Amino acid sequence: MTELASVLALGFLLGVRHATDSDHVVAVTTILSREPTLRRAMQVGALWGLGHGVTVFLVGSAIVLGGLVVPPRLALGLELAVGAMLVLLGGLNLVAVWPGLAPELAARAPHPHQASEPRLLLRPLGVGLVHGLAGSSAVALLVLTTIREPFWAAAYLVVFGIGTLLGMVAISLGIALPFRSRIASPRWSRPLTAASGALSLGFGAFLVYQIGFVEGLLRRVAR
């Protein structure tokens with residue numbers, strides 16, 4: 001039992017560390033840059049963590065308990081989806097700053113202060129779901145090499161998800177705090193939104209290129 005408790009504690013710490021992955025931080029920063037209040041930061045971090053945890057638990061449990069095998073090409077495809085999602089998030093931020101880039105899209109994407117609360121909260125939940133799908137295979141394989149008992153393997157996935165959720169809430173608060181006093185001024189809000197959008201767009205494009213062309217996923221699909 002002591003050994004299992006240590007493994008679960010390690011799972012929690014690994015979950016917290018998992019929240020700091022660069023693609024996770026870039027995505028949440030991009031979402032928060034348009035309205036980085038402390039309340040919004042907690043909501044975004046918690047919902048991202050919820051979406052991520054749900055998919056990691058469901059897919060991870062299917063792998064650990066049900067013997068599901070995720071083909072390498074599908075795993076790469078999910079990682080490619082993360083890159084495409086970051087490109088989309090970055091593009092939406094840039095359109096918010098310069099509506100002329102895509103007038104029709106800008107007209108359909110109201111400012112955060114004008115959008116309804118449920119609509120605002122769907123974005124971090126959906127982003128977390130995509131991130132969880134992309135990372136679930138790696139987490140499940142780690143569990144398989146560490147824990148053989150199905151119940152404790154499932155418990156590990158839950159603890160890992162809780163650690164990731166709390167880690168992302170802390171990261172989100174850390175992102176929002178430095179800008180809380182300055183963001184009220186348009187002098188700071190527009191550059192921040194543009195910078196976070198450019199970062200997300202560039203990082204997402206890099207992931208798409210790396211997975212699609214360097215690792216050859218898109219070339220394989222074309223064949």
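Which residues does Leu89 touch, not counting residues up to four places away in sequence? I looked this up before anything else. Leu89 touches Ala27, Thr30, Ile31, Arg123, Val127 and Ser200, where contact means heavy atoms within 4.5 Å.

**Ground rules.** I am working with a predicted model, in which local features need pLDDT of at least 70 and side-chain atom pairs count only at pLDDT 80 or more, while totals for chains, interfaces and linings use all residues. Residues are numbered from 1 along each chain as its sequence is written, and side-chain values use heavy atoms, with hydrogens and water left out.

**Overall layout.** I found nine helices and zero strands; helices (H or I, at least four residues) and strands (E, at least two) are DSSP runs, numbered from the N terminus. Along the sequence the pattern reads α-α-α-α-α-α-α-α-α. Of the contacts with a separation of 6 or more, 85% are between residues 24 or more positions apart. The protein has 223 residues, and buried ones make up 42% of them. I take buried as under 20% relative accessible area, exposed as over 50%, and partly exposed as in between (1.4 Å probe, protein chains only). The accessible surface is about 11500 Å², and carbon and sulfur atoms hold 70% of it. Such areas come from the Shrake-Rupley method with a 1.4 Å probe; for residues, only the protein chains shown count as cover.

**Cores.** I next looked up the nonpolar cores, each a set of buried Ala, Val, Leu, Ile, Met, Phe, Trp, Tyr and Cys residues joined through side-chain atoms within 4.5 Å. The largest has 20 residues, and Val28, Leu32, Val82, Leu86, Leu89, Val127 and Met168 touch the most other members. At least two residues each come from helix 2 (22-32), helix 3, helix 4 (72-97), helix 6 (117-146) and helix 7. Helix 2 supplies the largest share of this core, with five residues. Another core, of 14 residues, lies apart from it and includes Leu8, Val139, Val143 and Leu157.

**Helix 1 and what follows.** His18 lies in helix 1. I noted it as buried, because its relative accessible area is 12%. Leaving aside neighbours within four places in sequence, His18 is in contact with His24, His52, Phe160 and Thr164. Leu13 is also found in helix 1, but it counts as exposed because its relative accessibility is 55%. I counted one salt bridge, meaning a side-chain nitrogen of Lys or Arg within 4 Å of a carboxyl oxygen of Asp or Glu. Asp21 forms it with Arg17, and the closest N and O atoms are 3.0 Å apart. Arg17 is partly exposed at 45% relative accessible area.

**Aromatic pairs.** Rings of Phe, Tyr and Trp (its six-membered ring) pair if their centres lie within 6.5 Å; planes under 30 degrees apart are stacked, over 60 edge-to-face and the rest tilted. I counted three pairs by this rule. Tyr156 and Phe160 form a stacked one, at 6.4 Å centre to centre with 20 degrees between the planes. They are four residues apart in helix 7, so about one helical turn separates them.

**Surface patch.** Last, I looked up a nonpolar patch of about 830 Å², made by Phe12, Leu13, Leu50, Val54, Phe57, Leu58, Leu129, Val158, Ile162 and Leu166. Patches are made of residues with over 30% relative accessible area and no salt bridge; like charges are joined within 9 Å, nonpolar side chains (Val, Leu, Ile, Met, Phe, Trp, Tyr) within 5 Å. Helix 1 (2-18), helix 3 (38-64) and helix 7 (150-176) give two or more residues to it. Helix 3 gives the most, with four residues.
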